[in-house]
Amino acid sequence: MMASPSKRDGNLQFFVPDEFLPVLVNFPWQESLEKWQEHGLRLLEVKSGLSRHVVRFVQANSHRFAIKETSLESARREYATYVRLREMDIHTLWPVGFVARNDGTRIIETKVGRLPQERHTGFLITELMEKVVPDSFLFRRGFSKNNRRRIWDAVIRLFVEMHSQGVYWGDASLANMLINFSSEIEPELGRRTRLRAILADAETVEIHRSITDSLRLADVEFFLESMQWTEADLRASGIVRDAVMTDEDQEFILETYHKRFAVEQEMRSFELMTHIDVDKLLGDFDVKGYARVLLKHINEHKWYISERLGREVSLVDAAEEWYRDVFQPVCKVFLQYDVADFFPEKTAASLYVEIMEHKYLLSEKAGKDVGLIVAARDFVENKATRKLPQPIIRSIIRELRALFKRLPPPLQAIYS
Ligand SMILES: Nc1ncnc2c1ncn2[C@@H]1O[C@H](COP(=O)(O)OP(=O)(O)O)[C@@H](O)[C@H]1O
Ligand SMILES: [Mg+2]
């Protein structure tokens, strides 16, 4: 956090990193943002949501900024909030800093008489978020249920990310989010493009250690209500004609939000027990119950290695070994044959769990343990969104078999 200004210049104080100073000092800070285009600045046309404050997008050298004119207190606070949100890995804007302008003193009437009061203006600076998907694209004609759901899903993920870390928004609406395609590294599966909702107005955000269920729901319900005026806005600008959010969508959002939040809680307790960083190493659990299935599986692994060593191995040690000797090598095989492309919505953790669940299912039908190899083959053959070529399936199975053969013999009871 920048507690003291990096530069003072007359009535201006710059709270920005040194690298941005040479560019930022040249902006016409003495003027209100509304008049900046008269000062030869390159302002960018960016479609932004409805807003109370004046916000301008400026290009200077290779930098692109979004600047919001507000009170000094707001600018300082919102900047600090963005910094903390970023530290928490929440999808939000990148804060650059803020500029304080002293507007002199004015005399105000108080109960104890006339007092001089200093007046300030604050400018909040964020990095312009590139590649934002414009509303006209998001809500274009034929805006199908499927497309809507992808957007709602992105919004729900943002809520869950915030709420599970004690962040309350207080002003959640589409106008305050940016919807973006982002290319991200999915653990063990390589790069993936994902639709993301990004928090783009942190003025009202509160960060607590944790928040109550009613506060979480208040955020979601505020969002649902906000869709009424968002829709009116989109209609007025001719972007949509049909309803943007149906009653069915509302139900979908509430239901999915509850589900995802519950999954998130399970993920966090799985992490506490195994010390495995799910986000970084396994990828999200997509469905409630996956954490339990995986824990049961790791416990089985633990039982066999404890037998082999003749002493009780801790769950944490067993989890580490399982990750290193089984999960990661299995994923490497999948990665090598681009298996993820045939399961575009699934994370590595989900793929793994679903193959195991498939094994239970097939075993139940067969009345005997069919083994992991058989289950994996049947799974990639029948559950992919597109057909995998047989030679590839054969290679995958061959490699999995070789991999499991290298495990110590007692473990082969699970992995074969
Ligand atoms: N860094 C940025 N990159 C892209 N768009 C931005 C950025 N900052 C703000 N915006 C857009 O400008 C809009 C107005 O900013 P916001 O902080 O919401 O102002 P207000 O507090 O007046 O509502 C945002 O909703 C968003 O659409
Ligand atoms: Mg706003």
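**Helix α8.** I listed the buried residues of α8 and got Y290, A291, L294, I298, H301, K302, Y304 and I305. The model I am reading is a predicted one. I then looked up what lies over these buried residues of α8, and found that the cover includes α6 (247-274), α9 (315-336) and α10 (348-366). Next I checked the length of α8, residues 290-309. With 20 residues at 1.5 Å a residue, the helix should span 28 Å, and its end C-alpha atoms are 28 Å apart, so the two agree. After α8 comes G310, and I noted that its phi is positive, near 70°.

**Helices α10 and α11.** I went on from α10, one of the elements covering α8, to its packing with α11 (residues 372-382). Their axes are 8 Å apart and the angle is about 110°. I take 65 to 115 degrees as roughly perpendicular, so α10 is roughly perpendicular to α11. On the α10 side I recorded E354, I355, H358, K359 and L362 in the contact. The α11 side supplies L372, V374, A375, A376, D378 and F379. Sorted by class, this contact of α10 with α11 has 7 nonpolar, 1 polar and 3 charged residues.

**Domains.** I looked up the domain assignment, which gives domain 1 (7-127), domain 2 (135-270) and domain 3 (275-413). For domain 1 and domain 2 I have 27 Å between centres, taken over C-alpha atoms. The contact takes 14 residues from domain 1 and 18 residues from domain 2. The side of domain 1 that touches domain 2 I sorted by class: 6 nonpolar, 5 polar and 3 charged residues.

**L234.** I picked L234, which lies in helix α5. Is L234 buried or partly exposed? I count 19 other C-beta atoms within 10 Å of L234, and buried needs 20 or more, so L234 is partly exposed. Setting aside neighbours within four places in sequence, I find L234 in contact with D135, F139, I239, V240 and V244. For the pair L234 and D135, I noted 99 residues apart in sequence and 8.1 Å C-alpha to C-alpha.

Note on methods
Residues numbered from 1 in each chain as written. Chains lettered and ligands numbered in written order. Predicted model: local features only at pLDDT ≥ 70, side-chain atom pairs only at ≥ 80, totals over all residues. Helix = DSSP H or I, 4+ residues; strand = E, 2+ residues; numbered from the N terminus. Expected span 1.5 Å × (residues − 1). Buried ≥ 20, exposed ≤ 12 C-beta atoms within 10 Å, placed from the backbone. Contact = placed C-beta atoms within 7 Å. Axes fitted to C-alpha atoms, helices over the stretch in contact; angles between N-to-C directions. Parallel < 35°, antiparallel > 145°, perpendicular 65-115°, else oblique. Nonpolar A, V, L, I, M, F, W, Y, C, P; charged D, E, K, R; others polar. Domains from an automatic or database assignment.
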